[in-house]
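Here are my notes on this one, as numbered points you can check against the coordinates.

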Amino acid sequence: MVDNVTAAKVPSGAAPATNRIGLTLAEYKGANSTLCDGCGHDAITSQLIKAFYEMGVDPYTVTKLSGIGCSSKTPAYFLNQAHGFNSVHGRMPSMATGVGLANHKLIQVGISGDGDTASIGIGQFVHAVRRNVPMLYLVENNGVYGLTKGQFSATADVGSKLKSGLVNEMQPIDLCSLAIELGCAFVARSFAGDPKQLISLLKAAISHKGTALLDIISPCVTFNNHEGSTKSYKYARDAETPLHDIGYVPYFEQISVDYEPGTVTDVTMHDGSHILLKKLATEYDPTDRDNAVATLHKSQQEQQFLTGLLYIDPTKPDFNQTLNLIDEPLAILKEDQVRPPKAVLDEIMDSMS
Amino acid sequence: MKTLAADCAQKQKKGRVVNDFSIQVATINGSGSQSANSVLMRSIFEMGVPVSGKNFFPSNIAGLPTWFTIRANKKGYVGRKRDVDILIAMNPQTALEDLKSLLPGSVCISPVELKLDVVRSDVKHYQVPFSELGAKTTDQIKLRKLLTNMIYVGVVGELLGIDEAEVEKAINKQFEGKAKAIELNLTAVKIGRDWTRENLPKDDPFFVEKMDSTKNKIMIDGNAAAAIGCLFAGVTVVPWYPITPASTLCETLIDYLKEYRVDKETGKATYAVVQAEDELAAIGMALGAGWAGARSMTSTSGPGISLMAEFVGCGYFTEVPTVIFDVQRVGPSTGMPTRTSQADIMSVHLLSHGDTKHIILLPASVEECYEMAIQAFDLAERFQTPVFVMTDLDLGMNHWMADRFVYPDKPMDRGKVLNAQQLEELGTFARYRDVDGDGICYRTRPGTVHPLASYFTRASGHNEKALYSERPEDYVNLMKRLDRKYQTARKYVPAPHVQIEPKAKVGLIAFGSSHCAVEESLDQLRDENKMAVSYLRLKALPTTEAVRNFVETHDRVYVVEQNRDAQLRDLLRLEMPDLSMKLRSVTHYDGLPIDARSVTEAVLEQER
Ligand SMILES: Cc1ncc(C[n+]2csc(CCOP(=O)(O)OP(=O)(O)O)c2C)c(N)n1
Ligand code: SF4
Ligand SMILES: [Mg+2]
């Protein structure tokens, strides 16, 4: 489906493999990670690097924004050639909104954590989604505050246990069902330990116009990977129930997959890319919003860990369309485009004299 | 404290007091008195007499008392006059108190049924059967209440001798293009005028006489003036959250943007306005846009400033431009939302945790609201930092006479931004390297197509290359450089206005809307008390060398400001500790705009 060229596969001595815009995988990397070995966040970062590389996205056209947390450090670890901003706790969505308004040609990646989004930043999350600000909104969800050493976050499941033995009694905030409720037109849940599914979802999210929310279970090996945690690698691996097998065919490639009629749902994105969803145990239609909400509610009651593309509507207008902005980025408009002529000032002054 | 001030003595002489008085209209808010008040003010303006109008309104939509004061003054004093000369007591709820506050010899116009004449006999009463006259204006009960207000315009117009033709002009202006409304309002004014002519013999000293002082002038409020400034500054991203008294700044701006910044053919806009979910989001969006290269702004008041604190520190530390208007109201907390104050200056100057200090512009007139709005965007981009423009409710929401605004004569200053070609020529780039020694570094916009362009902005410790650092020397270098940048700003911000009286031992320092009271007070001190006093009007922080010189060359300097704690005085003491004993304070913080008489009395009191 997608050319799986990676730096690792290049025979020694030969020129490194490049993608469709002539860049090597190395050119999509960032600084070395300073996170704990085995942290789920690093696994997500490597899939992001691969996704951008394989999509052939020009790094100059990307911005990486984040709030505060271990997860929010990760924008430093990919796409060195893209501008980034590690801002303040919980406020990435507003910054990203501003960046997008200033330059709507940029592809924005917003990285957040479950603390950053579901607690301090829930208001900004809700409103960015409501506006449909074009961006990949990644929540690297480990059920705890990693950076402040392991307190529960608002996504911790009922009954989940901290290392200290403290048990969470409160209902978790399900960011996916909240996002669907708010009209988000791309909502997916995945797992840092399921790279195959994750990369397809990341690529689809890059193609999406508007807010694409990915809630990715991303185990914290230091504070929440023990027996009794519901966000550990082991728990997630055992409990993961994919809704479908996800394939992704970018607009610049031919679809050449054979499938039995009735087994695959093909979602066409606005840029002509395709998401191919292969049926597993039961039928799941990701364009049915009511069903998506019901499915999530049911999974929560049954403490199931559902992953996959939960909901998609490729036709919903994004924030820039709503505002009817001119095609040129506002940030680079010339003086004569933004400072009205003297006649306008005269007219205003006349109306006040 | 009520004193028998000079203007009272003048009144009792029973001479003619021409073009020098204040009118207070007491009504109930939501009763539609605004248009009557504007027409009255406008009529005096059309007579060529300098005038200003202030609205004292409750934080409420309808049903509570509200006052509108109009000051006419031939010398052009536009500050609040402490004592009211003519009261129009339309609100039965407050009539008694309003009447009690008058000085002997003042005028009271009231509905006859309130029988105010029995309350005070040392005031000249004109009692008018407003309801009866109101009934004659129209058959439509709904309109009657509104038109009854217009009747007092007729009464006052007749008593003061305002030409009918000028009132007509004012009505035409107020109801532009609405023929029916114009006709009805003209009728109401005429009913009031005719009844007064036939029934009320003139028996007070106050008159309006034609002058030539309003030709080529405009009437405008400070928020609209700032909005026009933003429009011509070329603002492109405007996130905001409503709050009194700042809302009308962005609301007016939105109207102008719709009118003048949308392509007539395609309908596409060269700007983006977002009503944010709160002030945290508003400042976040403004900073995001500023970081990405756009000219952004937001406007707010005290409570919003408090919410913005963390992000403003982030903008300072990561060096991102944006412009923030603080239209101050009375705090702390919710305080008195519809009353004026200058009590944010200290917290705004130092807003956010850690060592921060921000550039602030301090307009004192509507002209400066316009000019400094434009300047603020240039400074923000030049200094790559959030720049504040601080006004207040009095300046922002009240009506001021002004000269026509001047079209910007300089191109926009977009600051030190490198494009791909410049990066190529330089061959090297470090976001936070002080190449020019002025503390201001070069930046690149996201989206710049060059291998050197990108950098990673972080609100945590960083070195010249924008890499994470906790090294002591990196932090110290960074903080020193930020201070160097602040020192550079002293040479760029508007210098104060200085007025030296050759032999003066005493000086006054003021800023913002206190200016008009101080200007008038200087005349009072000179004319009534033979005191020559110098004056420095601060237009910005950081201060410039001129401020130090001013304090040095005077024995005692009074800093006049509208807050309890003498905030600016203390900021100046921090700037010049060696001169701190010379710095004294005059404060005024009751929520009403500061007035000249209070300043004069406070200075005399301390000089005694
Ligand atoms: C205003 C503010 N309050 C508190 C903190 C401290 N703090 C830093 S990170 C964090 C939680 C991060 O949790 P999460 O977003 O889940 O990220 P993780 O480290 O788990 O990836 C907190 C509370 C802060 N930086 N700012
Ligand atoms: S503390 Fe947890 S979240 Fe943070 S880096 Fe370590 S493993 Fe990752
Ligand atoms: Mg977390």
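1. Salt bridges first. Searching the whole structure, a predicted model, turns up 56 salt bridges over all chains, a salt bridge being a side-chain nitrogen of Lys or Arg within 4 Å of a carboxyl oxygen of Asp or Glu. One to look at is A:Asp327 with A:Lys105, whose side chains meet at 3.3 Å, N to O. A:Asp327 sits in the loop between helix 10 (319-323) and helix 11 (335-338) of chain A, and A:Lys105 in the loop between helix 3 (92-102) and strand 3 (107-113) of chain A, so the pair ties together parts 222 residues apart in sequence. Helices (H or I, at least four residues) and strands (E, at least two) are DSSP runs, numbered from the N terminus.

2. Housekeeping. Residues are numbered from 1 along each chain as its sequence is written, with chains lettered from A and ligands numbered from 1 in the order in which they are written. Since the model is predicted, local features need pLDDT of at least 70 and side-chain atom pairs count only at pLDDT 80 or more, while totals for chains, interfaces and linings use all residues; side-chain values use heavy atoms, with hydrogens and water left out.

3. The A/B interface. Chain B puts 71 residues in contact with 56 residues of chain A, where contact means heavy atoms within 4.5 Å. About 5300 Å² is buried between the two chains, and carbon and sulfur atoms give 64% of that; buried area is the accessible area (1.4 Å probe) that two parts lose on being put together, summed over both.

4. Polar links across the interface. There are 2 salt bridges between chain B and chain A; B:Arg404 and A:Asp350 meet in a salt bridge at 2.9 Å, N to O. The count of residue pairs in polar contact between these chains is 24, both at pLDDT 80 or more. A polar contact is a pair of N or O atoms within 3.5 Å; within protein, one must be able to donate a hydrogen and the other to accept it, and residues adjacent in sequence count only if both atoms are side-chain atoms. On the side of chain B that touches chain A, helix 10 (residues 279-291) of chain B gives the most, with 8 residues. That side divides into 43 nonpolar, 16 polar and 12 charged residues. Here Ala, Val, Leu, Ile, Met, Phe, Trp, Tyr, Cys and Pro count as nonpolar, Asp, Glu, Lys and Arg as charged, and the others, Gly among them, as polar.

5. Strand pairing between chains. Strand 2 (residues 83-86) of chain A pairs in the parallel sense with strand 18 (residues 456-458) of chain B, over 3 bridges; pairing needs at least two DSSP bridges between the strands. A:Phe85 has B:Thr457 as its bridge partner in strand 18 of chain B.

6. Ligand 1. Where does ligand 1 lie? Ligand 1 is found between chains A and B. There are 18 residues around ligand 1, and A:Ser71, A:Asp114, A:Gly115, A:Asp116 and A:Gly146 come nearest; "around" takes a heavy atom within 4 Å. An oxygen atom of ligand 1 is 2.9 Å from a side-chain N or O atom of A:His41. On the backbone side, an oxygen atom of ligand 1 is 2.8 Å from a polar atom of A:Cys70, and a backbone N or O atom of A:Leu147 lies 3.0 Å from an oxygen atom of ligand 1.

7. Ligand 2. The residues around ligand 2 include A:Cys36, A:Cys39, A:His41, A:Cys70 and A:Cys220. By class, this shell has 7 nonpolar, 3 polar and no charged residues.
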